[in-house]
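Please consult the sequence and structure shown below.

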Amino acid sequence: MYHFVGIKGAGMSSLAQIMKELGYNVQGSDVDKHFFTEQGLIEKGIEFFPYDENNIKENMKIVKGESIKDDHPEIVKANELGLDIYSYVEMVGKLTNKFKTICVAGCHGKTTTTSMMSLVLNNIKGANYLIGDGTGYAALDNEFFVLESCEYKRHFLEYNPYYAVITNIDLDHVDYYKDIDDVIDAYQEFANKAEKMVIACGDDPYTHSLEINPAIFYYGLDEDNDIRATNVNYKEDGTSFEVEVEGNYYGFFDLPIYGKHMLLDALAVIAICYYERIDAKEVSKIFKTFKGAKRRFSETIVGENIIIDDYAHHPNEVKATLKAIKQKYPKKEVVAIFQPHTFTRTEEFADDLVKVLNIADKSYIMDIHPAREKQEDYPNITSNIIIDNLDNGYHINIDEAESLLNDEPTVYIFMSPNDISKIENDLIEKLKTL
């Protein structure tokens with residue numbers, strides 16, 4: 001029996017599900033609070049319980065979530081019993097070594113790209129996948145394993161990619177990385193682990209600084225890319241474009257995606273399909289059914305109002321999301337509800353967040369989510385360093401949905417990597433009564 005301590009975490013939930021699919025006995029524990037990842041666990045028949053040291057039994061193997069410390073009661077009990085304890089990334093690395101792993105890395109876009117890749121490859125060739133949005137699937141006879149691969153604390157170096165996909169390189173996780181050169185160094189080491197090739201976004205300013213031992217192929221819109229989108233048309237119902245690979249025409253795609261960032265994510269998938277010699281028409285047919293990743297531009301429609309839930313928390317992600325909204329809903333007012341994530345990130349990117357949030361017509365900013373940090377260590381860092389500099393910005397608490405009501409047809413975009421579903425759901429219910 002594998003017992004997951006912190007099973008409701010997005011990655012942990014995904015991993016538990018795929019191990020169940022592969023025939024392992026799996027259960028887990030977490031806080032007694034609802035998370036969006038629970039549904040997948042329930043559907044797979046995986047039991048989970050509130051934290052309790054009595055969950056830990058002889059002969060179990062323990063998988064520990066990244067936020068779980070060694071003094072956690074269940075980990076203490078596991079050590080007392082002499083049980084094997086694996087970190088999340090150790091377990092993922094151990095499991096995926098059995099397959100040709102397509103590791104999708106990047107500071108932004110990796111969840112959407114992994115979701116797209118999983119959909120296309122699984123429907124055409126059969127592929128396992130592990131996605132950071134809380135979903136996972138596996139079958140023993142599949143050749144490929146599509147894996148979202150996070151750079152935080154260099155976790156992705158635990159994996160051994162067949163293909164290494166790099167969607168972009170950017171400064172983030174500033175509580176760990178010293179500067180952009182430190183980030184590039186981590187991606188350099190990751191890329192050099194690729195067995196077959198590296199597929200990287202050539203429009204990104206930093207990917208060309210990589211010195212790659214295996215072959216590297218670049219995708220993007222710029223003319224010097226190996227895999228290039230041409231004749232791009234951004235429309236209210238999606239994006240159409242043609243793809244050339246190394247100067248040769250590959251195919252036409254008309255997809256339900258919005259914004260340049262999603263076009264680039266799609267190109268990463270198309271590049272893999274090309275080098276796996278998959279027919280472009282077949283790729284396009286499956287791609288048309290893409291519904292998006294969980295908590296990535298997830299839409300709810302209430303009358304003339306649109307409520308969008310998104311994971312965006314870095315300035316570049318916020319900018320890409322807001323621009324995609326402007327493409328899809330050019331005539332509606334855009335109201336952003338944003339929860340800053342960690343004090344270090346807020347301090348580092350406050351000015352950039354102000355610039356991108358001003359794309360919205362109005363912005364409401366919640367208190368900073370501390371995650372692994374403590375307010376007392378950053379006494380002068382609050383959400384006011386963003387609010388005070390916005391053109392049209394306000395503070396909001398999670399129970400103040402009524403203040404969001406608007407006279408005009410509105411797109412409400414909720415952005416946070418955390419669970420802020422209460423204010424979203426409250427707003428939806430209030431809109432239904434108008």
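Buried denotes under 20% relative accessible area, exposed over 50%, and partly exposed in between (1.4 Å probe, protein chains only). By that criterion Arg154 is buried, at 17%. The model is predicted: local features need pLDDT of at least 70, side-chain atom pairs count only at pLDDT 80 or more, and totals for chains, interfaces and linings use all residues. Residues are numbered from 1 along each chain as its sequence is written, and side-chain values use heavy atoms, leaving out hydrogens and water.

**Salt bridges**

- The whole structure contains 17 salt bridges, each defined as a side-chain nitrogen of Lys or Arg within 4 Å of a carboxyl oxygen of Asp or Glu.

**Arg154 and Asp182**

- Arg154 forms a salt bridge with Asp182, with the closest N and O atoms 2.8 Å apart.
- Asp182 lies in helix H6 (residues 180–191) and Arg154 in the loop between strands S9 (144–148) and S10 (163–166), so the pair ties together parts 28 residues apart in sequence; helices (H or I, at least four residues) and strands (E, at least two) are DSSP runs, numbered from the N terminus.
- Asp182 is likewise buried, at 12% relative accessibility.

**Glu276 and Lys196**

- The closest N and O atoms of the salt bridge between Glu276 and Lys196 are 3.5 Å apart.
- Glu276 is buried at 15% relative accessibility, whereas Lys196 is partly exposed at 31%.

**Lys44 and Glu21**

- Lys44 and Glu21 meet in a salt bridge of 3.6 Å, N to O.
- Lys44 is partly exposed at 23%, as is Glu21 at 35%.
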